[in-house]
Amino acid sequence: MRIDIVSLFPEFFDAFFNHSIIKRAIEAERLSMGVTNPRDFSHNKHGQVDDTPYGGGAGMLMMAPPIFEAVESVISTYESKFNAFNLIDRAEVCDEMSLIGTPNKDIRRRVVFMGPTGTPFTQEKARELATYDQLVLVCGHYEGVDYRVEEHLVDETISIGDYVLTGGELPAMVVADAVARMIPGVLGAAGGAQEDSFYEPLLEAPQYTKPPEFRGWSVPDVLRSGHHKNIAAWRQKESLKRTRLLRPDLLERPLTKEELKILKEIVAEESEQLSD
Ligand code: ADE
């Protein structure tokens, strides 16, 4: 998969690209990433990319043309590598571009604007975005962006929460990180993503590591028993307990027979404890 970020601040992403899981995914060629600066597409010799809003108002807005051209450039770069692939050996190009997927299909691409007015970002959305061949994340800055970007360039706008940040860079990192870990092979052999909170619509059970005893608090015996079936049962129950306590909204869905049975046990145990 290819993730392109369009941002006025490419240096923001240096640490992100060099952090363990993303770095490993890039090295393993599961993922390739790049940042393109709209300033490189400025129509002005001073590299200007912002201007005052029509109709008045405070602050500056990012202009549409440099953003359109930056996005068009990452799209055509990816397309030319992809098309070259039909002429020569697909495997070679796949290798070069870190592509995974089936030969001779059309490019599946999603262009996303990061903005507080977008649809809320969820695990479900991360999983969906991870199915595209190319994901382009456009970061706004200053007081905003010429609305023609949202109207005519992007497929959708995504918000990472009901608050306003100074730019789309942190949201783009959040989205890129959540998407990258959904790509098969990125989390390595442990396959951790499938057990995470929100992969299944339940919160994760508590986890512990060494030491087994710390300041008088010990790790639950079952986790140290080596009995895999009991451990799985304990985790499922704790997961349901935690979800019921912290995110009861996640249980407002058709529950499995097993889940209903365990929830009944949890409720019975709680009322026993109350009557003690
Ligand atoms: N840009 C500024 N605030 C944002 C938010 N909450 N989500 C996504 N992009 C943003």
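S159 is found in strand β7 of this predicted model, where strands are DSSP runs of E of at least two residues, numbered from the N terminus. At 3% relative accessibility, S159 counts as buried; buried means under 20% relative accessible area with a 1.4 Å probe, counting protein chains only. The side chain of S159 reaches the backbone oxygen of G161 at 3.0 Å. Leaving out residues up to four places away in sequence, S159 touches G115, P116, G118, T119, P120 and F121, a contact being heavy atoms within 4.5 Å.

S159 also belongs to the residues around the ligand, which include M114, G115, P116, I158, I160, G161 and Y163; a residue is placed there if one of its heavy atoms lies within 4 Å of the ligand. Two strands, β5 (109-120) and β7 (156-159), each supply at least two residues of this shell, and β5 gives the most, with 3 residues. By class, the shell has 8 nonpolar, 4 polar and no charged residues. In this scheme Ala, Val, Leu, Ile, Met, Phe, Trp, Tyr, Cys and Pro are nonpolar, Asp, Glu, Lys and Arg are charged, and the others, Gly among them, are polar.

A backbone N or O atom of Y163 lies 2.8 Å from a ligand nitrogen atom. For I160, the distance from a polar backbone atom to a nitrogen atom of the ligand is 3.0 Å, and for L165 such a distance is 3.0 Å. The ligand taken alone exposes 260 Å², of which the protein buries 97%, with areas from the Shrake-Rupley method and a 1.4 Å probe.

Q134 lies in strand β6 (residues 134-139). With a relative accessible area of 0%, Q134 is buried. Its side chain makes a polar contact of 2.9 Å with the side chain of D4 and another of 2.8 Å with that of R109. A polar contact is a pair of N or O atoms within 3.5 Å; within protein, one must be able to donate a hydrogen and the other to accept it, and residues adjacent in sequence count only if both atoms are side-chain atoms.

The chain averages a pLDDT of 90, and 88% of the residues score at least 70; pLDDT is the predictor's confidence in each residue, from 0 to 100. Over residues 100-104 pLDDT stays under 50. Where pLDDT is low, the predicted coordinates should not be read in detail.

Residues are numbered from 1 along each chain as its sequence is written, and side-chain values use heavy atoms, without hydrogens and water. In this predicted model, local features need pLDDT of at least 70 and side-chain atom pairs count only at pLDDT 80 or more, while totals for chains, interfaces and linings use all residues.

Conventions:
Helices (H or I, at least four residues) and strands (E, at least two) are DSSP runs, numbered from the N terminus. Buried means under 20% relative accessible area, exposed over 50%, partly exposed in between (1.4 Å probe, protein chains only).
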